[in-house]
Amino acid sequence: MKRALFSVLTCISSLLMYSQQMAFAKPHFFEHWFIQTQVGASCTLSEHFRDASISNLLAPHAAISIGKYFYPEVGARAQMEGGLSKNYDIKNKIGETFNVKYIQASFDGLWNLTNIFWRYKSPYLGENERKFNLIAITGIGLAYTFNNSKNKVLSTKSVVPRVGLQGDFRINDAISINLEIIANLYPDDFNGRVAGLKYDGIINTQIGITYRIKKYNNRMFRVIPLSQNEDLQGLNKRVNKLRLDLLTKGG
């Protein structure tokens, strides 16, 4: 029993040492906000899209976002986006394209996969050593389609689940270039046509700029030196004391 307890304390001590190496200063609410603008193209996957060429499905798209990182691994953003959804239809065996205008408000969770799966080379550099970050995106949106009587498209409101990936290339502490691909899933009546598919999809490919807002002279998460990490230092002392007591009583 004593050996098992000793092993548990040893494991806890090791975990504390690892945690100390990766400890970050607690951020202020107004720190780590960013603004993001993006432009690119959307590809609509709806009825008859398999019969169309890629040029029949591509349309311009733009987005603007504001967001915040709560930890180096986790953040969120609110986004307004919109443009055209270019669809392909077949009438009397003749193919033709038609556009659907829409806007969309989305709320996305941001998961920095680089920070989740790779440790920093130096615990004192933190994000300053990262030149590239791979970010997973999961979110939900609310889309509004504008009425278009010419193409028999009625205005609709749609709840839109979405997933994507973003590559973020840091230029300096303030600015980075991002390349993003994100897939949105819409109800079948999004484009005014209900046939063949249960859902319509739009894949957005965008390039943009992210500007990290400077607050309290800090844009990056600050790594706490081991000597300043008081909470973990205290826990480590308690574990060491328990280990010493166990060894002493165990003879």
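**Entry 1: Glu81 and Arg162**

I started with glutamate 81, which forms a salt bridge with arginine 162, the closest N and O atoms being 2.7 Å apart. I count a salt bridge when a side-chain nitrogen of Lys or Arg is within 4 Å of a carboxyl oxygen of Asp or Glu. The pair joins distant parts of the chain, with glutamate 81 in strand 3 (residues 74-91) and arginine 162 in strand 6 (residues 156-170), 81 residues apart. Strands here are DSSP runs (E, at least two residues), numbered from the N terminus.

A caution for myself: this is a predicted model, where local features need pLDDT of at least 70 and side-chain atom pairs count only at pLDDT 80 or more, while totals for chains, interfaces and linings use all residues. Residues are numbered from 1 along each chain as its sequence is written, and side-chain values use heavy atoms, with hydrogens and water left out.

**Entry 2: buried or exposed?**

I looked up the accessibility of glutamate 81 and found it buried, at 5% relative accessible area. Arginine 162 counts as buried too, because its relative accessibility is 3%. The cut-offs are under 20% relative accessible area for buried, over 50% for exposed and partly exposed in between (1.4 Å probe, protein chains only).

**Entry 3: the rest of the network**

Aspartate 108 also forms a salt bridge with arginine 162, with the closest N and O atoms 2.9 Å apart. This one links strand 4 (residues 94-112), where aspartate 108 sits, to strand 6, across 54 residues. Aspartate 108 is buried, at 0%. I then found that Arg77, Glu81, Asp108, Arg162 and Glu180 are linked in a network of salt bridges. The count for the model comes to 5 salt bridges.

**Entry 4: Arg170 and Asp173**

I checked arginine 170 and aspartate 173, whose side chains meet in a salt bridge at 3.2 Å, N to O. Arginine 170 is buried at 12%, whereas aspartate 173 is partly exposed at 34%.

**Entry 5: nonpolar cores**

Which residues make the largest nonpolar core? I list 7: Phe34, Tyr69, Leu110, Ile135, Ile137, Ile182 and Phe221. A core is a set of buried Ala, Val, Leu, Ile, Met, Phe, Trp, Tyr and Cys residues joined through side-chain atoms within 4.5 Å. A second, separate core has 6 residues, including Ala143, Val160, Tyr186 and Ile202.

Terms used: Helix = DSSP H or I, 4+ residues; strand = E, 2+ residues; numbered from the N terminus.
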